[in-house]
Amino acid sequence: MTVSATSSATSATTTTSSSSSTSSSSTLTSSDFLTLLVSELQNQNPLDATSTTDLVNQLSSYANFTSQQSINSNLNSLASSFSSLVTLNSVNYIGHTVEAKSDTSTLSNGSATFGYSLSAAASNVSISISDSSGNVVYTGTGTGNSGSNSFTWDGKDSSGTQLADGGQYTVSVTATNSAGNSVLSYTTVTGTVTGIDTSTSTPSLTVNGVAVSAANILGVTS
């Protein structure tokens with residue numbers, strides 16, 4: 001279809017441009033969509049008018065566009081409600097000692113408890129702990145039982161010096177079977193939940209001063 005460059009078309013174009021320039025968003029709204037459709041009908045060539053089929057297709061597109069906007073709005077509302085629900089449920093963890101999938105914990109009262117899960121028995125398990133700067137402060141060995149294993153670090157570095165409380169430390173576990181294949185599934189930390197962080201779209205729990213996703217909580221020990 002050919003649109004004639006009439007004064008009416010110019011007026012409609014100017015109005016649309018003015019509306020777009022004053023809008024705070026560049027997103028096409030349902031009102032914009034309808035304005036474009038009406039402008040097309042007003043400025044169509046009488047000798048080559050829009051066919052009924054094209055008009056029906058355009059009206060269908062408009063209906064689908066409006067429906068999609070409604071769905072997006074409902075999904076945003078649902079996501080907001082879900083986030084609030086997760087926050088409310090997370091409150092129940094405060095004050096309890098939990099085990100969670102993570103590799104970082106804060107040294108407290110001279111120790112930090114870590115864990116790791118193995119998919120099968122390991123013949124060799126090596127454990128290393130690094131400070132917040134990435135420096136390895138401790139290396140040792142651990143048990144190789146299939147399933148859950150725990151390790152409590154006494155807060156002393158490899159030379160036997162007691163490190164100060166408050167520092168964050170990350171554990172790294174290497175576990176291999178007799179064939180030299182890795183059997184490590186994941187590492188865990190154990191600590192008390194002291195708060196909830198809602199600064200991100202997914203609320204997280206504060207465990208030993210470290211943010212841990214509520215989805216990574218494996219269990220409550222006390």
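The model is predicted. The chain has 222 residues, of which 27% count as buried. Its secondary structure comes to 3 helices and 11 strands.

**Confidence**
- Mean pLDDT for the chain is 78. A value of 70 or more is reached by 63% of the residues.
- Residues 1–25 stay under 50 in pLDDT. The model has 18 contacts for this stretch beyond four places in sequence.
- Where pLDDT is low, predicted coordinates should not be read in detail.

**Fold and surface**
- The order of elements from the N terminus is α-α-α-β-β-β-β-β-β-β-β-β-β-β.
- Take the contacts between residues at least 6 apart in sequence: 70% of them join residues at least 24 apart.
- Accessible surface totals about 12,800 Å² for the chain. Carbon and sulfur atoms account for 51% of that surface.

**Leu163**
- Leu163 lies in a loop.
- The relative accessible area of Leu163 is 18%. Buried means under 20%, so Leu163 counts as buried.
- Leaving aside residues up to four places away in sequence, Leu163 touches Leu107, Val137, Trp153, Gly155, Asp157 and Tyr169.
- Gly110 is 53 residues from Leu163 along the chain, yet their C-alpha atoms are separated by 7.5 Å.

Note on methods
Residues numbered from 1 in each chain as written. Predicted model: local features only at pLDDT ≥ 70, side-chain atom pairs only at ≥ 80, totals over all residues. Heavy atoms only, no water. pLDDT = per-residue confidence, 0-100. Contact = heavy atoms within 4.5 Å. Helix = DSSP H or I, 4+ residues; strand = E, 2+ residues; numbered from the N terminus. Buried < 20%, exposed > 50% of the residue type's maximum accessible area, 1.4 Å probe, protein only. Areas by Shrake-Rupley, 256 points an atom, 1.4 Å probe, with all protein chains shown as cover.
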